[in-house]
Amino acid sequence: MDHLLLTGATGLLGRYLMKDLLKNGVKLAVLARPSRRTSPEARVEAAMRVWDNILGEQLPRPVVLKGDINSPDLGLSNTDIKWASENCSSMIHNAASLSFVSTGRDSEPWRSNVDGTATVLEFCQQAGIKEFFHVSTAYVAGLREGRILESELDVGQEFANPYEESKVMAEKLVREANFINDLTVFRPAIIVGDSQTGLTFTYHNFYAMVQLAYTIARSMHETHFSGKVDASNINVKSSGDERKNLVPVDWVSEVMATIVTDKTLHGKTYHLTPRLPVPSRLIRDVIEEVIGLYGLGLETDENQTSEPTEMEKVFFKHMEVYESYWKDDPEFDSTNTQTAVPQNLCPHVDRDMLTLMAKDAIARSFNWRDPKVNESEVALVPA
Ligand SMILES: NC(=O)c1ccc[n+]([C@@H]2O[C@H](COP(=O)([O-])OP(=O)(O)OC[C@H]3O[C@@H](n4cnc5c(N)ncnc54)[C@H](OP(=O)(O)O)[C@@H]3O)[C@@H](O)[C@H]2O)c1
């Protein structure tokens, strides 16, 4: 295999993929954009140093290409376009906007997920990259109920948010691209932190709920004699029985790396979904326990006794964005994944694991900080 080009390497899943692919001996190039103060090279080097520290060994480094999926030719320099055309034979398109809200078709998540994917495809066609791995989501199923097959995509379903719909459009674009002769699609469920350490680099979905509850609890000065905060005035819009499909990032990445590096497993669609969903009641219980709340109400408890306070109103407003996360999930059939990697079962996301993840997030104040990398230390030209 020549170099494999990865987008979204600085995100949660992308960092795990970088580690697992490089550990597997894959020659890797990554497309990354600068942040406000840091070059793409320094951002990627910082991410790699995190892995060196954790693993206690220095991993090989990827070639860093400075670019942006929302710019023509991915915003690459002529030198990098030439380099990618000569050295890259496959693409893992993993970059996306995870925004659940949108101000219109020209803004996120449409811009990165639909237009960005179109630009990535155009680039691959011009560069002669014909092997394509696409990171989609299990939630392309939208508001469907029942059993969802890996072979299904658009069956006229409705969507809980623009993100889901934009990911369907992206997947369709990829499937319609005739120049691709080897297409593999990954559809993870809700990605949470590391099953062993609780590590995460971003704080969406489950973590956003933990953070909201944490902020509210800190703002409530009155504690019960038990030392816990009375949250019985707050109801989350959930019966407690909704099934949520959470998957640890280390498992998602390991399975993807196994499939990417084994040609016999290419060409399929994989639901990267858990064996057992988590009931929303367990998520509520973990949040209560970790934060020191009690009485956090579920919809059916009917314990909203008085007008919500200002802080509670803020809580509800923020929770609206995540309302779709409290809806009952359908059942995701994962026959292709189970057949491809029967030895690598998804670890159960149970009370202990969720507690570990929530505690780690609180200890880091819901803010991952990379080690500082001096710009002069990083090579600016691809090898
Ligand atoms: N997280 C989940 O629960 C979940 C579940 C199912 C599927 N997925 C899918 O998995 C993939 C990875 O998600 P994630 O959780 O790792 O997301 P993430 O942590 O938010 O990372 C997103 C990555 O995409 C990059 N990106 C976004 N817009 C870009 C642009 N215009 N140009 C270049 N890079 C851009 C980001 O770069 P910056 O660092 O520069 O912002 C970042 O590296 C996505 O395709 C997502 O749809 C995620």
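Lys172 is partly exposed, with a relative accessible area of 31%. In this predicted model, the Lys172 side chain meets that of Asp154 in a salt bridge, with N and O 2.6 Å apart. Lys172 belongs to helix H5 (residues 162–176), whereas Asp154 sits in the loop between strand E6 (147–148) and H5, so the bridge ties together parts 18 residues apart in sequence. Asp154 has a relative accessibility of 42% and is likewise classed as partly exposed.

Glu171 and Arg175 are joined by a salt bridge between their side chains, at an N to O distance of 2.8 Å. Both residues lie in H5. They are 4 residues apart, about one turn of the helix. What is the relative accessibility of Glu171, and is the residue buried or exposed? The value is 0%, so Glu171 counts as buried. Arg175 is partly exposed, with a relative accessible area of 37%.

Lys263 is located in the loop between H7 and E13, and Asp182 in strand E7 (residues 182–188), so the contact ties together parts that are 81 residues apart in sequence. Lys263 counts as exposed, at 57% relative accessibility. Asp182 counts as buried, at 12%. Elsewhere, salt bridges with shared partners form one network. Its members are Glu45, Arg49, Asp52, Arg61 and Glu377. The count of salt bridges in the model comes to 23.

Thr261 is partly exposed, and its relative accessible area is 37%. Which backbone oxygens lie close to a polar atom of the Thr261 side chain, as judged by the 3.5 Å cut-off? One belongs to Ala257, at 2.6 Å from a polar atom of that side chain. Another belongs to Thr258, at 3.2 Å. Thr261 also touches Asn24 and Val26, with residues up to four places away in sequence left out. Val26 is 235 residues from Thr261 along the chain. The C-alpha atoms of Val26 and Thr261 are separated by 7.8 Å.

Helix H7 packs with helix H1. Two packed helices are described by the angle between their axes and the distance between the axes. The axes of H1 (residues 12–23) and H7 come within 9 Å. They cross at roughly 50°. H1 and H7 are therefore oblique to each other. The crossing of H1 past H7 is right-handed. Which residues of H1 meet H7? On the H1 side they are Leu12, Leu13, Tyr16, Leu17, Asp20 and Leu21. On the H7 side, the partners are Val249, Asp250, Val252, Ser253, Glu254, Met256, Ala257 and Val260.

Several backbone features stand out in the loops and end segments. The peptide bond from Glu108 to Pro109 is cis. Its omega is near 5°. Pro109 lies in the loop between strand E4 (88–93) and helix H4 (110–127). Asp73 is not a glycine, yet its phi is positive, at about 55°. Asp73 is placed in the loop between strand E3 (63–66) and helix H3 (78–87). Its relative accessibility is 36%, so Asp73 counts as partly exposed. Ser365, also not a glycine, has a positive phi of about 55°. Ser365 lies in the segment after helix H11 (351–363). At 53% relative accessibility, Ser365 counts as exposed.

Conventions:
Residues numbered from 1 in each chain as written. Predicted model: local features only at pLDDT ≥ 70, side-chain atom pairs only at ≥ 80, totals over all residues. Heavy atoms only, no water. Buried < 20%, exposed > 50% of the residue type's maximum accessible area, 1.4 Å probe, protein only. Contact = heavy atoms within 4.5 Å. Polar contact = N/O pair within 3.5 Å; in protein donor to acceptor, adjacent residues only side chain to side chain. Salt bridge = Lys/Arg side-chain N within 4 Å of Asp/Glu carboxyl O. Helix = DSSP H or I, 4+ residues; strand = E, 2+ residues; numbered from the N terminus. Axes fitted to C-alpha atoms, helices over the stretch in contact; angles between N-to-C directions. Parallel < 35°, antiparallel > 145°, perpendicular 65-115°, else oblique. Left-handed = near helix turned anticlockwise from the far one by under 90°.
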